[in-house]
Amino acid sequence: MSSTKTSKSKISTTAIRNAIKHHAKYSLGKNWESLSEEEQFKAIALALREHLIDGMEKTEQRYRRRRAKRLYYLSMEFLMGRSLSNNLINLDLFDAFKVELENLGVDLEERYDAEKDAALGNGGLGRLAACFLDSLASLNMPGYGYGINYEFGLFKQKIFDGYQKEYPDHWLKEGTPWQIERPDLAVSVPIYGNVEETVDFDGNYNPMWLGWKMLVGVPHDLPIAGFGGKTVNYLRLYSARSSDEFDMKIFNDGDYLNAVEEKIVSETVSKVLYPSDAMEAGKELRLIQEYFLVACSVRDILRQFKEIHGNLEKFADYVAIQLNDTHPALTVVELMRIFIDEHSWPWEKAWDMTTRTLGYTNHTLLPEALEKWPVSLVGKVLPRHLQIIYEINRRFLDEVRAKYPNDEDRVQAMSIIEESDTKQIRMAYLSIVGSHSVNGVAALHSELVKSDLVPQFYDMWPEKFNNKTNGVTQRRWLLHSNPKLAELITESIGSEWITNLDKLRDLESFAGYKTFQKDFMAIKHENKKKLAATIKQLSRVEVDPESMFDIQIKRIHEYKRQLLNLMHIIHQYFTIVQDGKSLKTPRTYIFAGKAAPGYWAAKQIIKLIHNVGEVVNNDPRAQDQLKVIFLPDYRVSLGEQLFPAADLSEQISTAGMEASGTGNMKFALNGALTIGTLDGANVEIREEVGDENIFIFGHTVEEITRMRQEESYNPWSYYRQNENIRRVMNSFQSDVFSKYEPGLFNWIFSSILNQGDFYFHLADLQSYIDAQQAVSDEYPNRSKWAKKAILNVARIGKFSSDRTISEYAKDIWNIRSWK
């Protein structure tokens with residue numbers, strides 16, 4: 001691997017060797033020679049961390065000298081992956097460390113696997129946040145992440161007899177060498193209690209929040225190095241602790257076990273990311289988690305501001321806070337509480353400061369992902385905040401009535417409080433009302449936010465709404481994870497693309513060169529061979545790297561339509577075994593992704609993938625033509641093997657349901673062609689790469705919307721009129737894929753044909769089959785395919801997270817680069 005550097009490190013290799021051996025002895029208590037592989041990784045990481053800490057100190061000094069405005073990015077998830085290789089590359093120390101470790105008898109790259117993925121999230125939301133932090137540092141911008149230091153990841157996925165089983169992912173069991181604990185910056189977080197109605201000395205209303213239980217948030221900093229090492233920002237993660245070692249009153253009353261239990265309950269707040277669809281007890285913990293994140297973050301941001309600027313009068317001039325989806329929405333209320341209750345500001349002044357500070361990113365159009373919290377639960381956990389929410393809503397609805405008189409239907413529709421049987425707080429509405437900017441994450445998604453999700457809010461405040469199409473960092477997703485391709489690109493057009501992805505356009509002139517095509521496809525083939533070895537290790541199935549690698553890696557969800565992919569696979573299988581035809585292009589279909597523990601249908605789809613694979617992979621008639629693979633426990637480090645090896649990228653969600661997607665960008669960046677619907681960022685990818693270099697199929701958003709509104713979609717008509725569709729659907733009733741569990745997949749037949757096919761599988765299936773046939777027709781022409789793949793890489797520059805962050809910085813945050 002080459003780091004494809006733009007500069008030469010000035011650190012002496014002797015100093016590196018001495019630092020590694022120093023940490024082996026004094027941090028781990030052993031001689032280098034006696035360390036295990038995991039301990040060697042820790043010694044290497046601790047030696048590297050010294051450079052990160054030096055960089056953090058210099059960066060902070062630079063920002064303070066310039067009195068720089070800062071951005072704080074609040075997110076419940078940060079899916080960081082592994083840090084060793086990424087930090088070595090960004091600090092320009094990869095070659096120096098590699099040489100010294102060779103002198104110590106160690107292959108640096110063999111130590112990567114000793115590092116556990118930092119399991120601080122679940123999926124795309126957290127990975128996007130990680131890309132944004134990399135871009136902020138690489139652009140030399142003062143931007144910091146704030147999150148929770150989960151002791152356990154969401155879960156470790158294991159497969160037994162085709163069924164997903166969830167196990168604890170204790171990624172912090174042995175600690176991590178990257179984090180820097182800051183107990184001196186611990187924050188107190190009150191929850192529960194009651195509000196006492198009182199007045200101050202002047203007779204003004206002065207509510208007092210009393211009787212609360214106190215949590216303590218202890219920050220742990222994860223350094224984030226920008227490319228070139230000039231800037232090292234940080235991700236600040238909070239671990240929950242009880243306010244004292246024990247509640248001494250309970251302890252002194254003689255109830256030792258109850259005192260211990262109180263401490264344990266307090267510390268569960270940062271144990272694991274609780275799913276939002278949890279049972280009632282889990283919901284309460286999830287709400288506490290969201291407030292814990294907000295309270296810790298806001299307290300720390302205010303502390304820093306006062307330290308640098310004194311009083312809070314110019315807070316919004318020097319601070320921008322971005323809410324990554326609705327999970328940190330309570331920031332609106334917490335800022336108001338502190339300004340009003342602790343600083344005695346009048347409401348109007350506090351509200352102006354809050355709204356000028358906050359921006360909100362919406363990530364979904366799906367109802368289940370738009371958070372709502374029962375009023376009763378918020379009143380129990382955060383009684384003072386509930387009062388403030390009601391006052392925010394009262395004043396907001398007065399504005400609505402003033403602008404739209406005699407329209408109580410609109411008032412009810414826009415109210416932050418949903419007046420249903422169980423009153424609920426609409427967190428998306430709270431975020432919109434309390435922010436000066438509301439953005440979607442792809443052009444199509446942002447339009448749907450305005451037209452379908454919250455049209456009344458857009459009508460009232462059109463100036464608030466904007467688009468910021470997502471992006472990915474090329475440093476992790478090409479430079480780090482596909483080093484041979486990165487090297488080929490740099491040899492051909494120079495290294496400027498590492499910090500300016502638009503420079504990949506210069507590759508266009510190489511797309512038709514046979515020599516470049518040959519080199520490009522040779523790298524792809526090597527990546528496929530490496531993935532084939534991983535597949536054999538994890539699934540015990542041998543796959544042919546000469547076959548097309550057709551990959552769908554996403555959270556398992558019905559709208560993402562892994563089932564549609566399977567329907568096409570079944571169609572191809574029947575083409576071979578029933579029609580006696582050979583496939584023009586042999587395929588290896590690869591799936592990866594986790595289903596939420598309580599999502600029965602998604603877990604059944606995982607089972608179906610395995611059962612189809614079991615039949616197909618063991619049928620000698622399909623042996624050289626078709627393979628179906630599921631790779632368990634999808635995570636960032638596994639993605640780093642999958643994206644570089646893909647020939648075809650599956651982006652096949654029901655149009656209008658995927659906000660953006662970033663996997664589509666990573667695949668194209670690594671030279672895979674996309675097959676997809678006109679959904680999310682696929683629309684913009686098509687605009688960039690060209691119609692001829694992408695395979696688009698299926699109904700559009702407008703067509704899907706029309707069919708829903710007119711109730712004109714009848715899946716039975718597709719079933720009756722199309723033999724391909726009928727044969728595939730009948731397989732779910734025939735037990736061909738459930739020989740030992742008869743009737744297992746009958747629910748699919750019933751759900752699609754008798755319950756309306758909510759995700760329009762049958763409406764799009766024949767179009768998908770046709771698009772897949774076009775793929776099969778083109779793939780054997782290696783020169784033509786190589787040219788298309790190269791052009792995908794060359795034209796993907798728009799989708800760098802550097803571009804996304806630059807737009808946020810200019811249009812929303814008003815921050816700049818400080819070199």
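## Aromatic contacts

F695 is buried, and so is W785, where buried means under 20% relative accessible area, exposed over 50% and partly exposed in between (1.4 Å probe, protein chains only). This is a predicted model, in which local features need pLDDT of at least 70 and side-chain atom pairs count only at pLDDT 80 or more, while totals for chains, interfaces and linings use all residues. Residues are numbered from 1 along each chain as its sequence is written, and side-chain values use heavy atoms, with hydrogens and water left out.

A search of the whole structure finds 37 aromatic pairs; rings of Phe, Tyr and Trp (its six-membered ring) pair if their centres lie within 6.5 Å, and planes under 30 degrees apart count as stacked, over 60 as edge-to-face and the rest as tilted. One of these is the edge-to-face pair of F132 and Y808, at 5.7 Å centre to centre with 65° between the planes. This pair links distant parts of the chain, since F132 lies in helix 5 (residues 124-138) and Y808 in helix 32 (residues 801-813), 676 residues apart; helices (H or I, at least four residues) and strands (E, at least two) are DSSP runs, numbered from the N terminus. F132 counts as buried at 1% relative accessibility, and Y808 is buried with a relative accessible area of 0%. F695 and W785 form a stacked pair, 6.2 Å centre to centre and 20° between the planes. Because F695 lies in strand 25 and W785 in helix 31 (residues 782-794), the pair ties together parts that are 90 residues apart in sequence. Y63, Y72, Y144, Y146, Y234 and Y238 form one aromatic cluster.

## Charges over rings

The charged end of R708 sits over the ring of F758, 4.1 Å from its centre, and that of R816 sits over the ring of W818, 3.9 Å from its centre. The criterion is that NZ of Lys or CZ of Arg is within 6 Å of the ring centre and within 35 degrees of the ring normal.

An open sheet of six strands has the order 22-21-20-23-24-25, with parallel pairing, two strands being paired if DSSP finds at least two bridges between them. Its edge strands, strand 22 (626-631) and strand 25 (695-696), each pair on one side only. Six bridges join strand 21 (residues 587-592) to strand 22 in the parallel sense, and F591 has F630 in strand 22 as its bridge partner.

Helix 22 (residues 600-617) packs on this sheet, touching strand 21 and strand 22, and its direction makes about 145° with that of strand 22. Helix 20 (residues 514-539) lies across strand 20 (548-553), strand 21 and strand 22, running at about 70° to strand 22. Contact means heavy atoms within 4.5 Å, and axes are lines fitted to C-alpha atoms, for helices over the stretch in contact, with angles from 0 to 180 degrees between N-to-C directions.

## Strand 14 and its partners

In strand 14 (residues 358-361), L358 and Y360 point one way and G359 and T361 the other way, and all are buried. Strand 14 runs parallel to strand 13 (residues 319-324), to which four bridges join it, with T361 as the bridge partner of N324. Strand 14 also pairs in the parallel sense with strand 18 (residues 437-440) over three bridges, where Y360 stands opposite V438.
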